[in-house]
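User: Hi! I've just opened this one for the first time. Could you walk me through it?
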Amino acid sequence: MTQETAVLSAKREMALESSAVRKVFVKTYGCQMNVYDSDRMTDALARDGYVATDVMEDADLVLLNTCHIREKAAEKVYSALGRLRELKKKKAGEGREMMIGVAGCVAQAEGDEILRRAPAVDLVIGPQTYHRLPEALKRVKRGERVLETDYAIEDKFEHLPAPDKAKTRARGVTAFLTVQEGCDKFCTFCVVPYTRGSEVSRPVAQIVSEAQKLVDGGVREITLLGQNVNAWHGSGPNGDKWGLGELLHRLSEIDGLARLRYTTSHPRDMDDSLIAAHRDLPQLMPYLHLPIQSGSNRILKAMNRRHTTAEYIALIARIKAARPDLALSGDFIVGFPGETDEDFADTLRLVETVGYAQAFSFKYSTRPGTPGAELDDQVPEDVKANRLERLQALLLKQQHAFAEQCVGKTIDLLLEKPGRMPGQLIGRSPWLQSVNVDAKSSQIGDIISVRITGTGPNSLFAEVVS
Ligand code: SAH
Ligand code: SF4
Ligand code: F3S
């Protein structure tokens, strides 16, 4: 080889290396906010040549986006890391490097511990610092083990790329858009104020521009996200503060954006303008996730929820007066410290009174660092299990009753994806139910009129109304 060809081939090799496709595998745990964040991280990495893969074994970078809400969720991370350590070792034996990163709420809460317990981990990055991910990976490449968990002073959303058209198209016709992060409520059972930091609202212009990009990429339905979404108070164009009701009005002006939702809401932050939006905006779907956690006023007080069951019931009546076809979903915790049989009976009574279309329920899980963990009268595991079973039976009965009520109704269906049978499509009802329909002449993204004909265990069946 002459000197010249040697230089040329070295250059070619370098070019190959820099353009080499690197693959990232992201595993998402926890809530919708993590789903949103995982996409933003993937988009940020795409700038550095990373493409997403569904095959963990192929990945040059594995990112676990974790959840700390209950003990079980956090434990999952360590068992996943155990398996990843083996994979990393195996790949190293084949001469292939694999970086391991831990993001999300466990990263934020237990960053040091992760680095100590899991030597295979190269990077720990908390939710406030995702915009620093590409730079952090460069440091890993230089041989550092990186811990990025400070509460960022800068606005990560200004630095993270908004979803582009092609990626949005690939992700489908519904999308999440985080408008608010963090929480200042400090419910005594909950880790979120510690993992996600204090409440931050994104400004109106940022949100509207991102929503427009989503719609340009074919999105028909946007769900606004926040740990406490109805506490959103963003700066408007003139620096004035807007509330969520006003934001929904502004978003409903976007051409082609057919449906809006928002989640999760706190009962204390349902203000008049938000309730009025349910009356005034046909785009705002008649379905609201409004957790109360317990039906006992004594327990609500101990949880620091700062409202009573009577206030909650009155609030629902006001929202339903604005939007009569509104259906509710909620979250419940059984076995909070000090919860008696009588307190639990109050929860069952509240569920009977409200009537939920769907709800999530959990056994109380002691979270280190929260005030609840300090309380003496923890409820025994078998009592919690028994209460959970009874509550879930009631909630499931209500869910089925709600589905049955839908049979015979004509509703709008947003078609989201192909069904199992040829010609079949799966869409979402206004109440977030999955609906199967034979709709050969329609396509994904269409909103069609259908009549509900029957119910299955987890979905509904419908026929097209011509
Ligand atoms: N911001 C929302 C809740 C976010 S966390 C709200 O205020 O309602 C999602 C759900 O997880 C909560 O509604 C609660 O039901 C459950 N959860 C939170 N901490 C928990 C804990 N320590 N044990 C069991 N469930 C918990
Ligand atoms: Fe947690 Fe309460 Fe904040 Fe919801 S409102 S995120 S339950 S502290
Ligand atoms: Fe879990 Fe963090 Fe969401 S603790 S529920 S991933 S905000």
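Analyst: Happy to; we can go through the ligand shells, the annotated spans, some strands and a few backbone details. One thing to keep in mind is that this is a predicted model.

User: Good to know. Which residues are around ligand 2?
Analyst: The shell around ligand 2 consists of Cys183, Lys185, Phe186, Cys187, Phe189, Cys190, Val192, Pro193, His266 and Arg305. By class, seven of these are nonpolar, one is polar and two are charged.

User: What does UniProt say about Cys183, Cys187 and Cys190?
Analyst: An unreviewed UniProt entry annotates Cys183, Cys187 and Cys190 as "binding site".

User: Let's zoom in on Cys183. Where does it lie, and is it buried or exposed?
Analyst: Cys183 sits in the loop between β8 (180-181) and α8 (192-195). Its relative accessibility is 10%, so Cys183 counts as buried, the cut-off being under 20%.

User: And what does Cys183 touch, apart from its sequence neighbours?
Analyst: Beyond residues up to four places away in sequence, Cys183 touches Val192, Pro193, Gly197, Ser198, Glu199 and Asn228. Val192 and Pro193 also belong to the shell around ligand 2.

User: How about Cys190, where is that, and what does it touch?
Analyst: Cys190 is in the loop between β8 and α8. Cys190 counts as buried because its relative accessibility is 14%. Leaving out residues up to four places away in sequence, Cys190 touches Ile69 and Thr370.

User: Which residues are around ligand 3?
Analyst: Around ligand 3 you'll find Cys31, Asn34, Thr66, Cys67, His68, Ile69, Cys105, Arg196 and Gln227. That shell divides into four nonpolar, four polar and one charged residue. Notice Ile69 in that list: Ile69 is one of the residues that Cys190 touches.

User: What about the phi of Asn304?
Analyst: Asn304 is not a glycine either, and its phi is positive, near 65 degrees. Asn304 is found in the loop between α12 (297-302) and α13 (309-322). Its relative accessibility of 26% makes Asn304 partly exposed.

User: And which peptide bond is cis?
Analyst: The bond from Thr263 to Thr264 is cis, with omega near 0 degrees. Most peptide bonds are trans. Thr264 is in the loop between β11 (259-263) and α11 (272-280).

User: New topic: which residues does UniProt list for "Radical SAM core"?
Analyst: The unreviewed entry lists residues 169-401 for that domain. In the model, residues 169-401 are 39% helix and 15% strand, and the end C-alpha atoms lie 36 Å apart.

User: And which residues does the TRAM annotation cover?
Analyst: "domain: TRAM", also from an unreviewed UniProt entry, covers residues 404-466. Residues 404-466 are 5% helix and 52% strand, with end C-alpha atoms 23 Å apart.

User: Which strands does β15 pair with?
Analyst: Strand β15 (residues 410-418) runs antiparallel to strand β18 (residues 447-455), with five bridges joining the two. Asp412 stands opposite Ser449 in β18. β15 is also joined antiparallel to strand β16 (residues 424-428), by four bridges. There, Leu415 stands opposite Gly427 in β16.

User: How many residues are between β15 and β16?
Analyst: Five, and the two strands form a hairpin. Gly423 in the turn has a positive phi of about 85 degrees.

User: Do β13 and β14 run parallel or antiparallel?
Analyst: Strand β13 (residues 327-334) and strand β14 (residues 358-363) run parallel, joined by six bridges. Val334 stands opposite Lys363 in β14. Together with helix α14 (residues 341-354), β13 and β14 make a right-handed β-α-β unit.

User: Last one: where is Leu87, and what is it in contact with?
Analyst: Leu87 is in helix α3 (residues 71-93). Apart from neighbours within four places in sequence, Leu87 is in contact with Met56, Glu57 and Met98. Leu87 counts as buried, at 10% relative accessibility. From Leu87 to Asp341 is 48 Å in space, C-alpha to C-alpha, and 254 residues in sequence.

Methods:
Residues are numbered from 1 along each chain as its sequence is written. Chains are lettered from A and ligands numbered from 1 in the order in which they are written. This is a predicted model: local features need pLDDT of at least 70, side-chain atom pairs count only at pLDDT 80 or more; totals for chains, interfaces and linings use all residues. Side-chain values use heavy atoms; hydrogens and water are left out. A residue is near a molecule or strand if one of its heavy atoms lies within 4 Å of it. Ala, Val, Leu, Ile, Met, Phe, Trp, Tyr, Cys and Pro count as nonpolar, Asp, Glu, Lys and Arg as charged, and the others, Gly among them, as polar. UniProt positions are given in the numbering used here, feature names are shortened, and annotations may be inferred rather than shown by experiment. Two strands pair if DSSP finds at least two bridges between them. A crossover is right-handed if, with the strands pointing away from the viewer, the path from the first strand over the helix to the second runs clockwise. Buried means under 20% relative accessible area, exposed over 50%, partly exposed in between (1.4 Å probe, protein chains only). Contact means heavy atoms within 4.5 Å.
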